Amino acid sequence: MSLLSPEFLSYLERLDLLIKRSIKGASVGERLSSKYGRGIEFEDYRSYEIGDDFRYIDWNIYARLDKLFVKLFREEEMGSINIFLDISRSMDFGNPSKLYFGKQLAASLGYIGLVNYDSVNIYCISSTVEKKMESIRGRSSVIRLLRFLDEADSQGVTSLTGAIRESVKRLKSKAIFIVLSDFLDPAGYEDGLKLLKSRGYGVFAFHILSEDEISPDISGDVKLIDSETGEVIELDALEEVLDGYKKTLERFLAEVESFCLTHSIEYIRASSSIPVDRIILYYMRLGGWLR
């Protein structure tokens with residue numbers, strides 16, 4: 001199953017990650033820019049890649065070397081866009097699954113970064129970094145990005161803090177981090193997010209739920225199996241249990257949102273049943289993540 005349709009990819013071409021501009025003191029990075037003026041200056045050349053804007057081809061070099069090069073301009077922006085995709089076993093739940101929905105979001109945001117010549121890092125995490133794709137840039141990396149995400153399978157137990165600590169060890173430049181997760185972390189998600197904020201990174205949390213978690217459709221005797229630990233709990237008096245579950249879920253969601261707001265972390269929550277194009281077109285643009 002293709003993560004994103006060609007029609008939706010075409011729409012994403014017109015978007016940019018507005019959240020890159022929200023962090024002051026960004027390091028200077030390279031990117032092709034159609035803007036000239038204060039803070040924008042010629043920096044270097046690189047070989048032409050399919051999809052690059054013809055306006056930035058240096059035809060004088062082409063006349064001398066018979067090779068296509070494009071001009072790069074220096075402007076202040078983020079060092080990198082880092083996407084943390086939770087692939088722990090709890091994400092493999094729902095129809096469509098939270099993991100598939102997360103893959104679609106990661107693909108959409110990564111694609112927007114690539115076509116805008118940002119450096120993009122993708123980390124698939126559970127208790128550790130299970131797989132990663134680092135320092136990809138430009139349209140030539142789009143197929144690699146989509147294939148990488150399509151092949152990511154659910155595994156492991158959630159430990160956001162451990163995976164985040166592992167990921168930021170070598171990262172020195174200014175950056176933004178987008179965390180795509182259900183935040184069902186037995187050890188707590190707070191320390192990992194605090195670590196990112198303490199380093200001055202821009203942090204954005206996308207809380208993914210499944211419709212079955214929001215409104216469980218169950219009856220009769222029920223056996224619950226923890227998808228990560230395998231622990232089994234048998235339930236009766238289901239109506240009372242469901243009432244307690246809904247109250248616990250509401251409290252958990254409120255706590256995650258409150259924590260993010262308190263620590264200046266942008267927060268969006270959505271069900272995996274919502275089409276990803278609606279998420280991008282409405283929720284993220286309304287929330288100021290995209291423009």
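These are my notebook entries on a predicted model, taken topic by topic.

**Overall make-up**

I began with the secondary structure and counted nine helices and 11 strands. The protein has 291 residues, and buried residues make up 49% of them. I then looked up how far apart in sequence the contacting residues are. Among contacts between residues at least 6 apart in sequence, 75% join residues at least 24 apart.

**Nonpolar cores**

Next I looked for the largest nonpolar core, which holds 51 residues. Which of its residues touch the most other members? They are L12, F206 and M284. Helix α3, residues 98-115, gives the largest share of this core, with 11 residues. Another core lies apart from it and has 29 residues, including I125, L193, L196 and F259. As background, I noted that nonpolar side chains tend to be buried together in soluble globular proteins.

Leaving aside neighbours within four places in sequence, I listed L105, L109, F206, I268, I279, W289 and L290 as its contacts.

**Helix α9**

M284 brought me to helix α9, residues 276-286, where V276, I279, I280 and M284 are buried. I checked where these four sit around the axis. They cover an arc of only 95 degrees, so they are on the same side of α9. The general rule is that an α-helix has 3.6 residues a turn, so residues three or four places apart point the same way.

What do the buried residues of α9 pack against? I found α1 (6-12), α3, β8 (202-209) and β11. Just after α9, I noted that G288 takes a positive phi of about 85 degrees.

**Strands β5 and β6**

I looked up the pairing of strand β5, residues 120-125, with strand β6, residues 129-136. The two run antiparallel and are joined by five bridges. They form a hairpin, with three residues between the strands. For one partner pair, I recorded V120 bridged to I136 in β6.

**Cysteines**

I searched the whole structure for disulfides and found zero. I also checked the burial of two cysteines. C124 is buried at a relative accessible area of 0%, and C260 is buried at 0% as well.

**Salt bridges**

My search of the whole structure for salt bridges gave six. The general point is that side chains of opposite charge can pair when their charged atoms come close.

I took D182 and K98 to start with. Their side chains meet in a salt bridge of 2.9 Å, N to O. D182 is in the loop between β7 (175-181) and α6 (190-198) and K98 is in helix α3, so the pair ties together parts 84 residues apart in sequence. Are these two residues buried or exposed? D182 is buried, with a relative accessible area of 1%. K98 is buried too, at 0%. I also found that K98, D182 and E213 are linked in a network of salt bridges.

Then I went to helix α8, residues 238-262. K247 forms a salt bridge with D243, with the closest N and O atoms 3.4 Å apart. The two are four residues apart in this helix, so about one helical turn separates them. D243 is partly exposed, with a relative accessible area of 42%.

The next pair I looked up was R269 and E257, whose side chains meet in a salt bridge of 3.5 Å, N to O. R269 is in strand β11 (residues 266-271) and E257 in helix α8, so I logged the pair as a link between distant parts of the chain, 12 residues apart. R269 is partly exposed at 32% relative accessible area, and E257 is partly exposed at 30%.

**D58**

My last entry is on D58. Where does D58 lie? I placed D58 in the loop between β2 (41-47) and α2 (59-65). Its relative accessible area is 7%, and because buried means under 20%, D58 counts as buried. Leaving aside neighbours within four places in sequence, D58 is in contact with Y45, F69 and K71. For Y45 I also noted the separation from D58: 13 residues in sequence, and 8.7 Å in space, C-alpha to C-alpha.

Conventions
Residues numbered from 1 in each chain as written. Predicted model: local features only at pLDDT ≥ 70, side-chain atom pairs only at ≥ 80, totals over all residues. Heavy atoms only, no water. Core = buried A, V, L, I, M, F, W, Y, C linked by side-chain atoms within 4.5 Å. Buried < 20%, exposed > 50% of the residue type's maximum accessible area, 1.4 Å probe, protein only. Contact = heavy atoms within 4.5 Å. Disulfide = S-S within 2.5 Å. Pairing = 2+ DSSP bridges. Salt bridge = Lys/Arg side-chain N within 4 Å of Asp/Glu carboxyl O. Arc of directions from axis to C-beta.
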